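Hello,

Please find the structure below, followed by notes on what was found in it.

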Amino acid sequence: MSSQTVQTALSAAMPGCPECGGTLDSSGRETHCIDCGLVTDQDQIDRRPAWRTYDKEEQQRTGAPRTATRHDRGLSTNIGSVDSADISPRRRRRLARQRRLHGRSKFTSKRDRNLAHGLGEIRRIASALSESKAVKEQASTFFREAQNKDLLIGRSIEGGAAAAVYAACRCNGLVTMETVADVARCSDSHIWNCYRTFLTELDLPIPVSLPVDWVARICSDLPFNVAPDIRQRALELAEQATESTAVNGRPDGVAAGALYLAGKESDIRLTQATICEPLDVHITTARQWFQEIEEHIVE
């Protein structure tokens, strides 16, 4: 059935114009008469379901979805600011006082205030890292669990928020602590302390990272393009190092050593400082695993 046929059927079902008895048209945001142009209704409410669903019982309108990134799950309201010259100064001061009291009434305890501060810090760090909404939701869930188990006592809220973001990023991909510490408001040592506590006390679904995954990360972060044969050789060395029992250490350090050895075999000098620059790895660590791979894998 075409849209014109549907519109004709809807117009026929509606009553006529109260002014001239003509046909009413409600295709836009207002209902008007086609003959005389009289507007009979405007700003109509769209009562259709807000999303597509195949179950008629679920076809209903609701408010904004609940989110873990807010301390109240996003269910509270805000009194907005009105910039209008028609409002008197006395009325403006009254609205500002109501807005301030309304903001204070959202927190029933200091625990809720700390939770709101921590979740706000999580949103700030995740936005600075250009992380997705799923990472923000997961980091907020980790922070709530840590607060419920009293893991934040004696630790700063900023450190707990940064540790929660780092844990959520580790669950969804590869990230270095240095990257999170650059945008956090605390030292990386404090973030490591909070993260180790979360890892011990909370059941975090953090996958084990492999050197093969870090090879691709290093190659993408380098300021120049790595030759495909060097990348492939580095992946082979990293995979052999993973299967070997003699080479067992930090996956990013092993990947840096494998990439350096692959460049050395191809007579293309990739310096250890250049390889370690996008990672939180010292040159000594990369040199150590390069020597281990050269001794136990190549020979």
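Contact here means heavy atoms within 4.5 Å. This is a predicted model, in which local features need pLDDT of at least 70 and side-chain atom pairs count only at pLDDT 80 or more, while totals for chains, interfaces and linings use all residues. Residues are numbered from 1 along each chain as its sequence is written, and side-chain values use heavy atoms, with hydrogens and water left out.

Phe142 lies in helix α4 (residues 133-148); helices are DSSP runs of H or I with at least four residues, numbered from the N terminus. Leaving aside residues up to four places away in sequence, Phe142 touches Ala164, Ala167, Ala168, Cys171, Leu202, Leu204 and Pro205. Phe142 is buried, at a relative accessible area of 6% (buried is under 20%, exposed over 50%, partly exposed in between, with a 1.4 Å probe and protein chains only).

Helix α5 (residues 157-172) packs against helix α7 (residues 188-201) at an angle of about 65°, the axes being 8 Å apart. Axes are lines fitted to C-alpha atoms over the stretch in contact, and angles run from 0 to 180 degrees between N-to-C directions. On the α5 side, the contact residues include Ala163, Tyr166 and Arg170; on the α7 side, they include Trp192 and Phe198.

As for cysteines, the whole structure has zero disulfides (a disulfide is a pair of cysteine sulfur atoms within 2.5 Å). Cys17 is buried at 5% relative accessible area, and Cys33 is buried at 1%.

Regards

Notes. Helices (H or I, at least four residues) and strands (E, at least two) are DSSP runs, numbered from the N terminus.
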